[in-house]
Amino acid sequence: MRGAILAFAAGILFLQWQAVLPGRAAVSACLVLGLGGLFLAPRRAGMVSRGVLLCACALLGFAWAAWRAECRLADQLPRDWEVRDIQLSGVVAALPQRFERGERFAFDVESVTTPGARVPRRILLSWYRAWDDAGENEDAAGKEENAARNLRPGERWRFTVRLKRPHGNANPHGFDYEAWLLERGFRATGTVRARDEAARLDEFVWRPGYAVERMRDALRQRFRATLPEAPYAGVLIALAIGDQRAIPGAQWEMFRRTGITHLISISGLHVTMLAALCAVLANALWRRGERLMLWLPAQKAAVAIGWLAALAYTVLAGFEVPAQRTLYMLSVVVLALCSGRNLGVIRTLLLALLAVLIFDPWAVLAVGFWLSFGAVAVLFFVGAARVGENPRETEGARRWQAGLRQWGAAQWAVTLGGLPLLLLFFQQFSLVSPLANAVAIPVVSFAVTPLALIYVLIPWPPVLHFDHWLLARLMDLLGWLADWPVWQQPAPPSWSVPLALAGVIWLLLPRGFPARWLGLCLLAPMLAMPPARPPPGEAWVDVLDVGQGLAVLVRTAEHALLYDTGPRYGGESNAGQRIVVPFLRAVGVARLDALVVSHRDKDHAGGMEAVRAHGAVARFLTSIAGIGAEPCVAGQSWEWDGVRFAILHPLESDYVDRAKQPNSMSCVLRVWNDGGGVLLAGDVEARDERVLTARAGGQLRNDVLVVPHHGGRGSSSPVFVAAVAPRNAVFSAGYRNGFGHPRAEVLERYAASRQWRTDRDGAVRVILGAETRISVWRAERPRYWHDGEVFQPEVRHYFTSD
């Protein structure tokens with residue numbers, strides 16, 4: 001059975017790697033072959049029968065995932081109805097999440113009143129504050145509406161909305177937002193329009209799921225009312241009901257640096273703890289009743305009550321994957337105990353895996369899935385490997401010593417076991433994680449979380465105040481530990497991951513096993529492989545997909561330059577934090593030899609502080625005054641590793657003219673070698689282009705142009721386009737952005753150039769070598785859920801070098 005479940009999971013995983021879904025005929029064939037092999041294999045003995053069985057299960061997993069994916073993708077927004085006003089009615093389906101400029105919430109569509117419009121059943125809406133969609137200039141009417149709307153789960157509303165098909169930024173080593181939307185069933189995203197057309201139709205629509213979400217909302221409001229100004233109220237809310245949005249970014253950074261992020265979500269550890277506490281209490285109370293003992297043995301009653309507690313907590317937490325996994329494992333244990341069978345720990349874990357994948361075949365796309373199952377598998381492996389190890393010593397030692405050894409062994413196993421996955425997914429690892437977890441796990445699991453749940457059942461404020469005080473003392477310690485260094489490295493090559501996992505297994509073998517140190521040799525390639533870099537004389541230019549903004553990384557053999565840092569998205573979120581810094585870390589750029597921020601507009605400078613906090617910057621050039629940087633001035637030039645750089649704009653005299661707009665002050669950078677060049681033009685306007693054309697002359701002619709102002713109509717004048725004469729034009733713009741970039745008339749001016757777009761192609765890489773070569777990330781890593789018409793390049797793929 002174990003091999004069959006793993007084969008089923010492998011079939012599901014293989015489907016999630018596909019660029020396009022198989023046709024119905026192929027899915028039907030897989031289903032027929034899988035069922036046939038499943039029924040015929042047991043009739044034959046030996047390796048052939050086992051191989052047939054494994055292949056049959058893999059085909060069934062593939063067919064199951066393909067059928068589920070086809071059903072979900074069929075519920076989509078027609079492309080013709082993107083960014084058009086649609087009036088619809090439905091129900092707020094989950095906890096609204098507040099952000100700086102409004103609220104974001106899941107919405108179950110019940111009816112559409114706009115003629116001809118077809119809308120998916122579940123969508124993700126953002127409702128900006130009433131003054132305008134950009135979150136500017138509140139007025140009295142806006143204040144009145146903001147106070148009146150107060151969205152709550154289970155309410156029926158009528159909205160006018162503008163929707164988009166699921167779309168996210170596509171970058172190497174980046175978060176796949178489209179996969180996240182797919183797993184959660186959101187087949188469109190959009191915004192609520194026209195404040196006067198929004199109307200609450202019903203206070204509550206009864207459904208079990210809506211009732212649970214309304215209860216979670218009431219609990220969240222109770223926590224906020226009791227701790228209105230408490231700094232860690234968001235953590236307690238997250239531990240009680242699974243809502244993590246109230247935790248500020250600075251606290252998440254502390255959790256990341258200390259390696260305790262998993263504790264802040266309702267994980268399997270918390271669910272197991274609650275189930276165990278309830279089971280122990282139920283067992284003690286059940287034994288006091290003779291009639292209860294005659295009706296049902298105390299052990300079975302305790303297990304059943306513990307399972308019900310785990311179910312309630314999992315539902316209260318929003319039914320996230322880590323909690324699901326634990327609930328399914330506990331369900332298997334309960335069924336085994338009730339039936340009198342002992343399934344064993346490995347079979348229990350695999351049955352939980354099967355249950356998760358049947359209900360959610362997209363769970364394999366989540367990092368938490370791998371970390372969660374990986375941690376439990378490591379603990380089971382270590383426990384099984386040490387069964388019977390020195391029993392006399394264990395019996396003769398004091399209990400606290402034995403418990404301390406077991407706790408230390410578990411911490412070592414989880415830390416070492418999670419290392420390959422953490423480096424693969426995040427390229428960093430907290431060196432103080434074992435110490436921080438050794439302290440935080442018992443405090444959070446056996447004190448902080450139980451007290452928060454007691455307050456859920458008994459709303460007595462002193463309980464919550466004491467709980468917050470206790471949590472604050474833990475945070476004081478974690479804040480000190482967070483100042484310790486964090487191991488960071490480039491993304492490891494894919495071939496090193498299986499070796500590292502084998503090395504972990506080898507190191508975790510029982511004491512006395514010969515040559516356990518060889519596991520370190522298997523880990524070494526993942527830890528020590530240097531990042532890929534261009535050869536001397538060559539440059540790699542990565543135009544990242546940051547949405548409506550710009551961020552370009554230029555790497556030579558020994559140097560790195562970042563041109564612009566992407567937009568600010570709102571609140572604490574910006575492209576520097578979410579996209580640029582993770583990319584720098586993944587490709588091994590710990591230090592920037594130069595940072596060029598073209599001008600002060602937030603779509604170019606929004607991530608500047610996050611980038612500067614990432615690592616040292618040797619030289620900082622910008623047209624922004626008053627931030628302690630070196631002004632970029634035409635005539636500045638330098639050479640790195642056979643690649644030349646030159647600033648072409650602005651002039652030094654332009655800084656005297658205070659009437660100059662920020663766009664006109666954009667730093668224009670040229671990067672070139674003997675094989676070709678790239679021109680980075682910021683947001684220069686047409687009048688500046690004419691001056692630049694007259695002054696720079698032949699320096700403007702380059703193979704590749706990152707088109708100024710994202711393709712806006714105020715730039716890319718015919719004179720400028722003719723002077724540059726690019727063979728390739730790269731547009732960095734957001735998908736269906738509100739500015740309409742790139743404009744149709746601008747695209748027409750570049751008709752002679754090959755056009756690349758980050759909103760369509762994802763990140764674009766330009767390789768300046770003996771010749772200029774270009775590749776795009778969506779063509780390199782296509783997936784069936786990715787939306788948009790991908791431009792397939794006629795060149796080889798180069799992103800794999802990272």
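A crossing of two helices is called left-handed if the near helix is turned anticlockwise from the far one by less than a right angle, and right-handed if it is turned clockwise. The legends below describe a predicted model, in which local features need pLDDT of at least 70 and side-chain atom pairs count only at pLDDT 80 or more, while totals for chains, interfaces and linings use all residues. Residues are numbered from 1 along each chain as its sequence is written, and side-chain values use heavy atoms, with hydrogens and water left out.

**View A. Helices α6 and α7 pass each other in a right-handed crossing.** Helices (H or I, at least four residues) and strands (E, at least two) are DSSP runs, numbered from the N terminus. Helix α6 spans residues 208-226 and helix α7 residues 233-241; their axes are 10 Å apart and the packing angle is about 155 degrees. Axes are lines fitted to C-alpha atoms, for helices over the stretch in contact, and angles run from 0 to 180 degrees between N-to-C directions. Angles under 35 degrees count as roughly parallel, over 145 as roughly antiparallel, 65 to 115 as roughly perpendicular and the rest as oblique; α6 and α7 are therefore roughly antiparallel to each other. Arg216, Leu219, Arg220, Phe223 and Arg224 of α6 make the contact with Leu236, Ile237, Ala240 and Ile241 of α7, where contact means heavy atoms within 4.5 Å. These residues divide into six nonpolar, no polar and three charged. Here Ala, Val, Leu, Ile, Met, Phe, Trp, Tyr, Cys and Pro count as nonpolar, Asp, Glu, Lys and Arg as charged, and the others, Gly among them, as polar.

**View B. Helices α8 and α19 pass each other in a left-handed crossing.** The axes of α8 (residues 249-258) and α19 (residues 461-481) come within 9 Å and cross at roughly 65 degrees. The two helices are therefore roughly perpendicular to each other. Met254, Phe255 and Thr258 of α8 meet Met475, Leu478, Gly479 and Leu481 of α19. By class, this contact has five nonpolar, two polar and no charged residues.

**View C. Eight strands form an open sheet with mixed pairing.** The strand order is β17-β16-β15-β12-β11-β10-β25-β26. At the edges are β17 (630-631) and β26 (772-776), each of which pairs on one side only. Two strands pair if DSSP finds at least two bridges between them. Strands β12 (residues 560-563) and β15 (residues 594-597) run parallel and are joined by three bridges; tyrosine 563 has valine 596 of β15 as its bridge partner. Helix α22 (residues 575-586) lies across β10, β11, β12 and β25, running at about 15 degrees to β11.

**View D. Seven strands form an open sheet, also with mixed pairing.** The order is β18-β19-β20-β21-β22-β23-β24, with β18 (637-640) and β24 (754-757) as the edge strands. From one strand to the next, the twist averages 20 degrees. Three bridges link the parallel strands β22 (residues 704-706) and β23 (residues 728-731), and valine 704 is partnered with asparagine 728 of β23. Helix α25 (residues 686-696) lies across β19 and β20, at about 125 degrees to β19.
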